[in-house]
Amino acid sequence: MIHIDNLNYIYPKSGKHAIKGIDFNIEKGEIFGFLGPSGAGKTTTQRLIIGLLTGYDGQIQILGKERRLWQKDIFEKIGVAFDFPNLYLKLTALENLKLIGSYYKNCPKDFDSLLDMVGLLSDKHQRVENFSKGMKMRLNFVRSIMHDPDVMFFDEPTSGLDPVNARIIKEQIQYMKSKGKTIFLTTHNMTVAEQLCDHVAFINDGVLSAIDTPSNLMVEHGNAYVKLRYVHNQQEMETAFPLSGLGDNNAFKEILEQDRIITIHSGEATLEDVFIKFTGRKLIG
Amino acid sequence: MTSTKPIISDANGQRLLSALKADVLFQFKQGFYFVYIILSLFYLIIFHQLDSAWLSYVIPVVLFMDPSVLGLFFIGGILLLEKEQGILSLIYVTPLRIWEYILSKIISLCLISLMVILLISLIAYKGAVNYIYLIIGVILTSIFFTLIGFLVATSSKSVNDFFVKIIPWMMVLMLPCVLLGFYPNLLLLGLVPSVASLKLVWGAYHAINFWEFIMLVLYMTVLNIFLLKYTYAVFQKKMVLEN
């Protein structure tokens, strides 16, 4: 669906080399997550694929054609939701969908079902200016997918949302995947990436350092461990041991046999740990 | 071999119509039409106090000022309010073309100006009016001033910034119109687009010479086409790519 080859981008004004020769493929029907801290290049990459930024080097193949050869018709086939709502504030939820929907050849017919999908049916006659941020983001989500596009782009889809609203959006993204849609999302939220993405790519300073499934990355590059809290010589101690080869670990066995154990916890590497290992940077902060 | 290709296909025509509908609804809900109604009532009350000799001078001037000044200010308000609400980014990720976006703004403001002006003229003016000249004059005036407002709004960061920038433009465009009152025969003044517009609207009430009318219409049409193309290029570059 999307094939990126040796993509380079330099911002014309600042001269910043924001994307430095990245390559990746996104297959039909998968959720692909771009993971990185602010300023790493994830939104720039997304904007290049969408076409908001032009003048790139390398290849961006989307829906079988180079991006620079697409005209505005591409927006009949792709849906885009930014990390802020793009809605007419003085119009109601229904008026927004009807007006924006009328720009598409595949104008939706059943607006009530769309609004119901994100729990906004009972608010359809309310002006958007009276909506909470979560409600606006949910409406914005529906706005971006109402013309039934094949490829969907979400920029930080759950950013700034409370857990209930974030869950609704995540469920809808999974529902879109179940309908065979291809989804490209950017996030700096590792939980979102772990829960939703079939593949994730780590981007930092315009360079891709890893692409794989979240579980592979965590298994291959993360270290699972067991943490013991125990009393040794009347002193409380804490030690972590790698999970692999634990049965043959003499130090671990010694503690179990000789000391008084207070707690035993197992832990596994998070995507964030793996990200830090690859890039030396934290995702947030 | 020649091929015929419609300039506006069915889908494009539908999109332009949808954009126009969105603009009218947006302007209505933002209270622009309310301002227009109040202003029109104010004009009608003033005109009611004047005798017909005065009216033949005052009405053309006021009806020229209406599409020009309001076009100038309204388009700035509309564009910057839309920018604040993220509508410009939204437009970019829909199939709506930038041409359609700009045209629907121009048409929506032109239509409301035409309606108000025709209504005021029909109610308040009892003398002879060439309504075909008036309609053509108002359309060309409205397009010109809306495009100037569009250009200034494109380089403005906020509504306040727009107002600061538009005042000098208004002065530059309106001052030659005042000069026309003192030097009505100075041909050079007619090259100033605002003066050409005023002459067109004025001419509808004061039996302008046919050939002068044609010249002015051609001049304003050519000017508007160039201005439209320039506005498109500037808007495409600044508003869309930099956002």
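**Chain architecture and the A–B contact in the predicted model**

Of the 243 residues of chain B, 38% are classed as buried, a residue being buried if 20 or more other C-beta atoms, placed from the backbone, lie within 10 Å of its own. The model is predicted: local features need pLDDT of at least 70 and side-chain atom pairs count only at pLDDT 80 or more, whereas totals for chains, interfaces and linings use all residues. Residues are numbered from 1 along each chain as its sequence is written, while chains are lettered from A and ligands numbered from 1 in the order in which they are written.

Chain B contains 9 helices and 0 strands; helices (H or I, at least four residues) and strands (E, at least two) are DSSP runs numbered from the N terminus. Along the principal axes, the C-alpha atoms of chain B fill a box of roughly 55 × 50 × 30 Å. Among the contacts in chain B with a separation of 6 or more, 80% involve residues 24 or more positions apart, two residues being in contact if their C-beta atoms, placed from the backbone, lie within 7 Å.

The contact between the chains takes 23 residues from chain A and 20 residues from chain B. On the side of chain B that touches chain A, α1 (10-29) and α4 (87-92) of chain B each supply at least two residues. The largest share of that side, 8 residues, comes from α1(B).

In chain A, 6 strands form an open sheet of mixed pairing in the order β6-β7-β8-β3-β9-β10, where two strands pair if DSSP finds at least two bridges between them. Strands β6 (78-81) and β10 (207-212) of chain A stand at the edges, each with a single partner strand, so one side of each is left without a neighbour in the sheet. Strand β3 (residues 31-35) of chain A runs parallel to β8 (residues 182-187) of chain A, and 5 bridges join the two. Within this pair, A:F34 stands opposite A:T186 in β8(A). Helix α9 (residues 271-279) of chain A lies across β3, β9 (199-204) and β10 of chain A, at about 40 degrees to β9(A); axes are lines fitted to C-alpha atoms, for helices over the stretch in contact, and angles run from 0 to 180 degrees between N-to-C directions.

Notes
A residue is buried if 20 or more other C-beta atoms lie within 10 Å of its own, exposed if 12 or fewer, and partly exposed in between; C-beta atoms are placed from the backbone.
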